[in-house]
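Notebook open, structure loaded. I'll jot down what I look up as I go.

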Amino acid sequence: MERACPPRALPPGDLFHAAVSGDPQWLCLSLERVHAPSQQQNRQGLTVFHVAARHGQLNCLKLLLESGTVDVNASCPHGRRPLHMVLSPESKPNTYSCLTFLLEHGAEPNVSTDEGLTPLHMAAAEGLKECVEELVRVGADTHAHDSRGHTPFELACLWGHRVVARILKNAMWHRDKKEDMEKHQELQNLKQNMIRMHRKAEGIQKLSREAINKEKVSKWAERKGLPCLWSPTMGMWTISHHCCHSTKPVKKQHASKSREIWNISSNPSRPPPANISRSETVRIGVHPEEVADEPDLSQCVTLHCFRNGQVCCTASWNNIPQPVPDLPLDVIQKCLFPSKFQSRISGPLQLQSNSVLDLPHRGGTHGTEASPWTEVAMHLAEELQPGHY
């Protein structure tokens with residue numbers, strides 16, 4: 001009776017040939033006979049998972065991941081991951097399907113090689129439109145720089161992929177606008193916090209002043225021998241009933257009178273002079289603007305600009321430097337101190353359209369009484385040469 005021989009161990013080369021050919025049965029047989037397939041590397045330092053991704057073998061990728069013996073983010077000696085290998089020319093026409101499969105199974109979209117190339121760099125250089133859109137959708141960094149300082153957008157421009165360049169430019173614009181809006185919102189939150197702290201400090205100072213005044217008035221009334229009472233409704237000190245001065249309520253001005261103050265137009269059919277007090281808004285209408293109920297922070301908040309371009313602010317109530325969002329200095333000043341900037345539009349008269357025919361014209365060189373034939377004779381004398389006619 002013959003003894004059954006154990007299956008012959010396949011060399012590692014057969015495993016890589018199976019990954020290149022994409023034969024699932026051959027790959028299954030190779031995985032069963034090769035010990036630790038995830039540690040097997042070829043001459044270039046690539047694992048079998050790298051080779052399968054490079055040649056776009058989606059079935060092999062699924063089989064290798066189901067076996068649980070490979071890492072979806074494994075790195076080669078040059079820092080290349082399977083997601084980088086998928087974006088090579090050899091993976092066509094299964095590049096997009098393999099890319100989405102790896103991203104769905106935990107592949108990191110922002111990993112970079114030793115040269116600083118991200119998957120988005122390689123997709124942009126190859127002109128893979130669908131892959132670029134998918135990487136942007138999952139959050140790939142459109143502003144990443146490689147070792148030479150190139151962004152994916154610049155690589156797409158260098159290789160002449162116009163459609164990909166437009167997609168990346170649009171994604172970069174949306175990200176810049178989003179970051180800019182977040183910085184402006186942080187600046188607005190900082191301003192509102194300073195306004196609250198400023199009003200709180202003013203309230204504390206007001207209470208301290210009232211306490212000092214209360215003490216001084218009490219001492220003065222005690223020296224004069226007068227009864228001194230505090231009126232909580234009036235919010236003031238009263239020295240007996242005969243010393244109080246009656247205060248008459250101030251009548252509010254009628255709407256028509258208040259309008260006459262700012263509407264100085266002599267013609268009621270025309271709108272009043274243009275005057276915009278806020279520089280960041282556009283007024284639509286002729287009614288006066290409402291004054292913003294905000295305190296002037298320029299007297300209690302100081303901005304400091306360092307050599308590295310960083311800006312911080314210091315408030316008078318705590319003297320603790322606070323960081324300011326990374327925005328231009330003039331934008332920060334206009335947001336924190338709007339009263340320090342003049343109006344964008346301010347003129348004595350309202351701008352109105354006029355016809356060219358209504359504008360005054362300058363008269364001729366000889367006045368209005370000169371004959372047009374005189375001007376013709378002068379032109380003939382200048383143009384015609386004497387003795388030739």
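This is a predicted model: local features need pLDDT of at least 70, side-chain atom pairs count only at pLDDT 80 or more; totals for chains, interfaces and linings use all residues.

Which helix gives the most to the lining of the second largest pocket? I checked, and α7 comes out on top, with four residues.

**Pocket**

I looked up the volume next, and the second largest pocket comes to about 510 Å³. Its lining has 24 residues, and those closest to the centre are Glu115, Leu117, Met122, Ala125 and Leu155. I then went through the helices: α5 (82-86), α7 (119-126) and α9 (152-158) each put at least two residues into that lining. Sorting the lining by class, I got nine nonpolar, seven polar and eight charged residues.

**Rings**

I searched for aromatic pairs and found zero. I also looked for charges over rings, and Lys169 turned up: its charged end sits over the ring of Phe153, 5.2 Å from the ring centre.

**Cysteines**

How many disulfides are there? My count is zero. I wanted a reason for Cys305, so I checked its sulfur against the cut-off of 2.5 Å. The closest cysteine sulfur is in Cys312, 9.0 Å away, and therefore too far for a bond.

Terms used: Residues are numbered from 1 along each chain as its sequence is written. Side-chain values use heavy atoms; hydrogens and water are left out. Rings of Phe, Tyr and Trp (its six-membered ring) pair if their centres lie within 6.5 Å; planes under 30 degrees apart count as stacked, over 60 as edge-to-face and the rest as tilted. A charge sits over a ring if NZ of Lys or CZ of Arg is within 6 Å of the ring centre and within 35 degrees of the ring normal. On a 1 Å grid over the protein atoms alone, a cavity is a set of points where a 1.4 Å probe fits but cannot get out, and a pocket is an open set with protein on both sides within 12 Å along at least five of seven lines; lining residues have an atom within 4 Å of a point. Grid points are joined across faces, edges and corners, and a volume is the space filled by probe spheres set on the points. Ala, Val, Leu, Ile, Met, Phe, Trp, Tyr, Cys and Pro count as nonpolar, Asp, Glu, Lys and Arg as charged, and the others, Gly among them, as polar.
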